Amino acid sequence: MSFKKSLGLLLASTAIGCAESDPAEFFETRVRPVLANNCYSCHTNSKLGGLEVDSRGALLKGGKSGPAIVPGKPADSLLIKAVAQIEPRLKMPMGGSKLKDTEIADLSHWIEIGAPWPESKQLSTAVNAQKGFVLTPERRSLWSLQPLQKPSVPSVRDASWVRNSIDSFVLAKLEQEGMKPLAPANRRTLIRRATYDLIGLPPTPEEIEAFEGDNSPNAYEKVVDRLLASPHYGERWARHWMDVARYADGDGPEDKPKAKAKGARGMTFVGYGMTRDGYANTWRYRDWLVEAFNRDMPYDTFIKSQIAADLLPDQKDKTRLLPGLGLFGLGPWNTGDCVVYNESRAEERDTRIDILSKGVLGLTVTCARCHDHKYDPISQKDYYALGGIFYASGYKEYNLATASQIEQRQKYDALVKEKQVELGEFIDASAVGVAEMLAGQTTRYMIASRAILQSKTKIDSPSVAAAEKLDPETLRRWVKYLRSSERQHTYLREWDALIARGGADADAERLAGEFQKLVLSIIAEKKEADAANNEMKKHYKPDPNEAFVQLPGDLMQFELFQFKHNLIEKAIDPKKYYVWLDVVQGPPAARVDDFGKRTGIFEYKGDDLLRFYTSAQKAKLDSLEAQLETLARGPAPPAYAYVMGLGELARPSNMKINVRGNPNNLGEEVPRGFPAVLAGTAGDPLPFTEGSGRLQLAEAVVKHPITARVMANRIWMEHFGRGIVGTTTNFGVMGDRPSNPKLLEYLASRFVEDKWSMKALTREIMLSSTYQLSYGTAGPNAAKDPDNYLLWRANLRRLDSEELRDSLLFVAGTLDERLGGPGVSLNDPDNKKRTVYARTPRSAPNRLLLLFDFPDPNISLDQRSATNVPQQGLFFMNSDLMWQEAGTVASRVISEGDDKAGIEKEYRLLFGRTPAPAEIQAGLQFLAAAEKDSGARKGAWQEFTQALLSSGEFNYIN
């Protein structure tokens with residue numbers, strides 16, 4: 001495979017995460033740390049090879065070998081070639097380990113987007129010249145950090161347009177620019193916009209007609225109040241917050257296999273070291289969010305519950321708040337068997353700081369993980385002060401069942417795990433046993449392969465296998481393997497030479513016999529090493545002061561396990577290991593990136609393995625499966641309910657600064673606390689001393705004015721498509737400035753005045769004339785404000801992925817509107833619940849959702865991108881979902897012998913209006929032509945309905 005093709009695959013694996021990131025933040029969090037940790041020691045002042053890498057200009061200039069980067073072309077950039085180590089003379093870092101694939105992908109993506117190297121917009125030369133972190137008055141003066149000051153409502157010339165104070169702030173800006181707002185939207189457009197914004201579903205034809213026929217002055221107000229009271233409101237707005245919280249379920253299989261023979265292992269998903277699926281209760285956090293929005297939980301309580309619900313005082317029903325701890329308790333957690341403890345825990349803390357700082361505080365604090373923030377007044381100490389709070393908080397399950405129920409279920413889970421492990425170990429061992437049996441016939445397979453390869457006439461491989469009494473598939477694999485001489489070991493060089501020169505049969509027999517002895521010896525050596533390593537894992541004993549962590553699924557991980565494991569782990573010679581990979585078994589899934597995807601010649605799985613079993617092996621397999629089957633079918637204790645969260649550690653301690661972000665290179669200790677610029681201290685973080693500090697953190701967060709600004713801006717953004725601050729998660733130096741600062745201050749102040757009521761702020765926004773504007777254009781306005789920052793019109797937006805699927809089910813009459821419950825895969829054809837309840841694996845969200853810009857659940861994000869790609873059009877044309885729901889809709893509207901009535905009914909159902917005469921005529925012509933082509937009236941109607949469901953009128957909101 002070419003380097004460019006390999007690089008393309010590598011980039012594709014991280015495309016989602018990269019695409020969602022702000023370029024400046026992406027550089028600071030994903031690129032600069034890699035350069036600092038791996039390149040600066042040789043390529044700053046030392047200028048090895050004439051190259052410096054501490055500025056964009058230096059990289060473009062390059063060294064003795066030429067420019068280090070070619071913006072937009074990572075495959076042509078020397079930097080990427082060096083770190084990918086594809087050329088013998090150019091392997092970097094010098095003397096160090098090769099960069100991780102993700103780090104190479106990050107550098108490649110950075111170059112692909114033009115290699116942005118942001119510089120501060122506002123920091124003065126004096127500040128930049130100072131050494132160390134200094135909180136100057138200039139840094140403290142950042143607009144978003146100032147106390148809230150509710151502005152007076154401005155006067156406007158056209159007071160008749162103003163419905164509430166929001167309009168005064170908007171109109172004052174427009175009049176200042178000599179602009180006028182467009183006319184109000186018609187009622188059908190307005191109710192559709194409001195209904196989607198508040199509950200994520202279309203209005204029914206009856207609701208539209210009722211609103212259009214209501215002549216009372218408060219008709220629209222009644223619509224808004226009805227929608228705010230709908231239980232579907234919580235579903236829609238919880239999904240917005242789930243983007244921020246990077247909500248996801250576990251990474252178990254999307255569709256769990258049923259408990260049948262050879263599938264019983266999958267009756268519960270158990271990852272490495274787990275006794276049960278530790279993510280089975282993630283949905284309780286999602287349901288808590290739905291309820292919180294429906295109850296209009298005050299936003300300050302909403303935030304405090306997600307940080308420290310277990311510690312909040314004076315709460316009558318604390319149990320009701322505990323599921324909120326899922327914000328940090330759901331993960332992601334690094335649970336693989338190859339994780340490095342310190343690095344894994346550092347990554348987990350970083351995600352929590354990221355959610356808190358961007359999602360709640362609107363600051364990119366994680367940019368300070370490796371160094372003081374280059375732009376915002378956040379020091380590396382501030383980062384590790386926050387990190388210390390999570391360092392002193394451990395994963396905890398808050399059980400909602402009795403002690404006896406929990407004990408019974410835990411015993412059952414342990415027994416299931418024991419049987420699953422026993423079955424898995426038997427299958428794995430028998431697979432090696434089969435390979436060993438076949439390896440005893442290596443000589444015969446090689447000689448038969450030689451006959452096929454050297455025959456002047458084409459010999460059929462299956463016929464040779466039958467004549468020689470060999471397994472045909474295994475012989476086919478041998479022929480393919482021996483046909484190529486490109487191998488990563490040297491043991492077959494003589495054989496290859498013999499084949500090339502057409503050597504004697506006796507020499508072939510001798511060489512094949514020698515290779516057979518080698519393979520058998522390698523199998524014996526590998527089995528011995530694996531047995532010793534497995535015993536070490538089973539009987540691992542931590543050191544007295546060794547750190548450990550409790551993770552979901554009863555998984556315990558220890559700080560020094562990987563280190564000690566690597567010290568005493570038995571391994572076979574690397575050249576012999578390549579023989580193992582080629583002939584016996586390919587690499588495990590966790591090592592495919594290291595050794596390439598391959599299947600050993602003697603490697604068989606599943607039913608293919610069974611055909612080699614002896615009668616004793618089959619009996620053993622049947623017995624083990626029967627035991628699991630009995631457990632699966634038997635009266636199992638019910639799975640107990642619990643919520644996932646964080647809890648206090650018995651001995652909370654502080655963190656030490658990770659020098660250059662490296663958790664294995666520790667600096668000075670930093671007390672747990674709150675960033676200095678937010679706390680108003682002289683320069684060091686405000687220390688927290690009560691337990692982990694989570695309760696103090698919760699109180700400090702909601703007291704700071706930036707918290708109200710961020711959420712008020714987010715609520716505004718969800719109604720207008722863009723926030724008053726366009727960078728909704730970055731209110732820092734590199735973020736956007738408010739397009740209407742006084743309006744933002746007004747909204748944030750009103751938010752706090754109304755006791756943090758999210759519904760109250762939403763209601764005020766929606767009752768404004770600004771929200772009720774029509775979509776359209778006006779020459780002078782479009783010239784002065786083409787992007788509509790000043791809100792002289794409504795914005796056009798497409799339905800998001802959830803709205804699209806839910807709307808299809810809704811108009812088809814098949815939507816299951818029941819609230820809550822465990823997540824169900826969207827691949828399940830019987831799943832008709834709203835998309836917010838879909839099961840979302842963190843590593844592989846549903847493809848339909850991703851197609852329509854569903855966010856990467858590994859990234860905290862609250863402003864989705866809006867792409868327009870050909871695949872979306874192909875979805876409307878070819879999707880089974882579209883075709884199926886089109887048929888169901890058609891069956892609702894089709895009338896016997898009266899296509900005109902059917903068209904009118906369908907337009908009313910899908911668009912909430914009566915079709916124009918030209919539309920009726922076009923529809924009749926379409927139906928006639930389609931029926932003539934297909935010969936079926938029902939099929940013609942299904943095609944017609946699919947076309948309407950694919951239209952912009954159905955899929956866009958104006």
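Helices (H or I, at least four residues) and strands (E, at least two) are taken as DSSP runs and numbered from the N terminus. The structure is a predicted model, in which local features need pLDDT of at least 70 and side-chain atom pairs count only at pLDDT 80 or more, whereas totals for chains, interfaces and linings use all residues. Residues are numbered from 1 along each chain as its sequence is written, and side-chain values use heavy atoms, with hydrogens and water left out.

The chain is divided into domain 1 (3–131), domain 2 (167–227 + 773–784), domain 3 (440–604) and domain 4 (877–957); the bounds come from an automatic or database domain assignment. The centres of domain 2 and domain 3, taken over C-alpha atoms, lie 68 Å apart.

Two packed helices are described by the angle between their axes and the distance between the axes. Axes are lines fitted to C-alpha atoms, for helices over the stretch in contact, and angles run from 0 to 180 degrees between N-to-C directions. Angles under 35 degrees count as roughly parallel, over 145 as roughly antiparallel, 65 to 115 as roughly perpendicular and the rest as oblique. A crossing is left-handed if the near helix is turned anticlockwise from the far one by less than a right angle, and right-handed if clockwise. Contact means heavy atoms within 4.5 Å. Ala, Val, Leu, Ile, Met, Phe, Trp, Tyr, Cys and Pro count as nonpolar, Asp, Glu, Lys and Arg as charged, and the others, Gly among them, as polar.

Helix α15 (residues 299–308) packs on helix α32 (residues 694–703) at about 155°, and their axes are 9 Å apart. The angle makes α15 roughly antiparallel to α32. The crossing of α15 and α32 is right-handed. On the α15 side the contact involves Asp300, Ile303, Lys304, Ile307 and Ala308, which meet Arg694, Leu695, Leu697, Ala698, Glu699, Val701 and Val702 of α32. By class, this contact of α15 with α32 has eight nonpolar, no polar and four charged residues.

The axes of α18 and α19 cross at roughly 115° and come within 9 Å. Accordingly, α18 is roughly perpendicular to α19. Their crossing is right-handed. Arg349, Asp350, Arg352, Ile353 and Leu356 of α18 make the contact with Tyr383, Leu386, Gly387, Phe390 and Tyr391 of α19. The contact of α18 with α19 comprises six nonpolar, one polar and three charged residues.

For helix α20 (residues 403–439) and helix α30 (residues 615–633), the packing angle is about 160° and the axes are 10 Å apart. This makes α20 roughly antiparallel to α30. The crossing of α20 and α30 is left-handed. Residues of α20 in the contact include Tyr412, Leu415, Phe426 and Ser430, and those of α30 include Gln617, Leu624, Leu628 and Ala632. By class, the residues of the contact of α20 with α30 divide into 11 nonpolar, four polar and four charged.

Several loop residues were also considered. Buried means under 20% relative accessible area, exposed over 50%, and partly exposed in between (1.4 Å probe, protein chains only). Arg369 is found in the loop between α18 (341–360) and α19 (380–391). With a relative accessible area of 13%, Arg369 is buried. Its contacts, not counting residues up to four places away in sequence, are Ala346, Glu347, Asp350, Gln380, Tyr383, Tyr384, Asn658 and Gly661. Arg369 and Val659 are 290 residues apart along the chain, with 8.9 Å between their C-alpha atoms.

Gly820 lies in the loop between α37 (801–812) and α38 (847–851). Gly820 is likewise buried, at 13% relative accessibility. Apart from its neighbours within four places in sequence, Gly820 is in contact with Arg286, Asp287, Lys833 and Tyr837. Val290 is 530 residues from Gly820 in sequence and 8.2 Å away in space, C-alpha to C-alpha.

Most residues other than glycine have a negative phi, and most peptide bonds are trans. Ala115, in the loop between α6 (101–112) and α7 (125–129), has a positive phi of about 55° although it is not a glycine. Ala115 is buried, with a relative accessible area of 0%. Asp853 also has a positive phi, near 70°, and lies in the loop between α38 and α39 (870–878). The relative accessible area of Asp853 is 8%, so Asp853 is buried. The peptide bond from Gly331 to Pro332 is cis, with omega near 10°. Pro332 is found in the loop between α17 (326–329) and α18.
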